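Visitor: Can you walk me through this one? Start at the ligand, please.

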Amino acid sequence: MSKFEDKLREAQKEAQEELAKVDKIKDLEELKAKYLGRRGTITSLLKNLKEAPEESRPALGKLANEVKDQIEGIFKERFEELKIQEPSKEKRAEFFDYTLPGRKSWSGKLHPITQINEKIIEIFYGMGFEVAKGPDVETDHYNFEALNFPKDHPARDMQDTFYIDDEILLRTHTSPVQIRVMEKRKPPVRIIAPGRCYRHEAINARSYCCFHQVEGFYVDTDVTFADLKGVLSAFVWELFGKEVGVRFRGSFFPFTEPSAEMDIACVNCKGKGCGLCKYRGWLEILGAGMIDPEVFKNVGYDPEVYTGYAFGMGVERIAMLKYGIDDIRLFYENDLRFLRQF
Ligand code: DAH
């Protein structure tokens, strides 16, 4: 056996042994370069063939090509095997099972309070009201004094207040927006004022230290209590459905005279009496009344010329009734299991 043949056989044996150990495509490719690449062992041997004695060259050349083909064959086979065990990106895409159910992606949503807030605004906007806003941090003057709550008035007790100092506080209701708007504008004014309010109350299922109200009012010549009843009834029927019963009960607020509270027939028992309405058949949803002449004087409107109505409602309360939620704190815990339902 010639030296050339020895070397060839040796390379063949070595390549076969090494190939048997390879279990990654990457290693396989390196090994292929080592033997069959441009500077690979077998390629180099073939190049050196011209140094062999002339008469043995054809036989050696044939042998060398056989060895080369054989090794290439093993490489190919091994490559196919590894390709299945270790699929490439493209292969994985080919295996994609289109019949599998898709993964659900969650889309963001508005908070239920924002949704109800927007719904309330939309209904009043449709009846000709414009939106106005006021600051969360208010003065005692706008929150109380100008609304006819003098300093020592017991009605202030109904609204436990977060004071920042003697004159500055977190507004306890959205009614101060009435004053701010009326100071700047002459009638007719027809306003809806949504916003956040704050009260220093014990937190429980029914009350929270921060909540939302929507205030509304209309001032013009000849505005009557009948207008108020008409507008609020239309609002309730739009929000809770046409068949809902409504009623107005006399009440007291310092800034309205006469004052009323509006009830709707219990959304749960439809007026028959249940735990939700405490067997009364009715649920209170807002406070309202004709704007007190004292308030008009405070903003420079002539009470002999103008009349107006006002109303204020709690957005959380309305959302709770509409969605059947029994604990106000749920709105503020941001538990996704709760929020995803809306
Ligand atoms: N501001 C009152 C409150 O927070 C609600 C209210 C009652 C607003 C009567 C009004 C109204 O505009 O006329 O309890």
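Guide: A polar side-chain atom of Glu215 lies 2.6 Å from an oxygen atom of the ligand. A polar contact here is a pair of N or O atoms within 3.5 Å; within protein, one must be able to donate a hydrogen and the other to accept it, and residues adjacent in sequence count only if both atoms are side-chain atoms.

Visitor: What should I know about the model itself?
Guide: The model is predicted: local features need pLDDT of at least 70, side-chain atom pairs count only at pLDDT 80 or more, and totals for chains, interfaces and linings use all residues. Residues are numbered from 1 along each chain as its sequence is written, and side-chain values use heavy atoms, leaving out hydrogens and water.

Visitor: Back to the ligand. Which residues come nearest?
Guide: His173, Ser175, Arg199, Gln213 and Glu215, of the 16 residues around the ligand. "Around" means that a heavy atom of the residue lies within 4 Å.

Visitor: What does Ser175 do there, in distance terms?
Guide: One of its polar side-chain atoms is 3.0 Å from a ligand nitrogen atom. Ala310 uses a backbone N or O atom instead, 3.1 Å from an oxygen atom of the ligand.

Visitor: New topic. What is the strand order in the sheet?
Guide: S1-S4-S5-S9-S8-S7-S6, an open sheet of seven strands with mixed pairing. Strands (E, at least two residues) and helices (H or I, at least four) are DSSP runs, numbered from the N terminus. Two strands pair if DSSP finds at least two bridges between them.

Visitor: Which strands are at the edges?
Guide: S1 (130–131) and S6; each pairs on one side only.

Visitor: How do S6 and S7 pair?
Guide: S6 (residues 246–253) and S7 (residues 256–265) are antiparallel, over seven bridges. A two-residue hairpin joins them. Phe248 stands opposite Met262 in S7.

Visitor: And S8 with S9?
Guide: Also antiparallel, over five bridges. Ala288 faces Phe311 in S9.

Visitor: Now helices. How do H1 and H4 pack?
Guide: H1 (residues 3–21) and H4 (residues 57–85) pack at about 5 degrees, axes 11 Å apart. Axes are lines fitted to C-alpha atoms, for helices over the stretch in contact, and angles run from 0 to 180 degrees between N-to-C directions. So H1 is roughly parallel to H4. Angles under 35 degrees count as roughly parallel, over 145 as roughly antiparallel, 65 to 115 as roughly perpendicular and the rest as oblique.

Visitor: What about H9 and H11?
Guide: H9 (residues 225–240) and H11 (residues 315–323) pack at about 45 degrees, with axes 11 Å apart. They are therefore oblique to each other.
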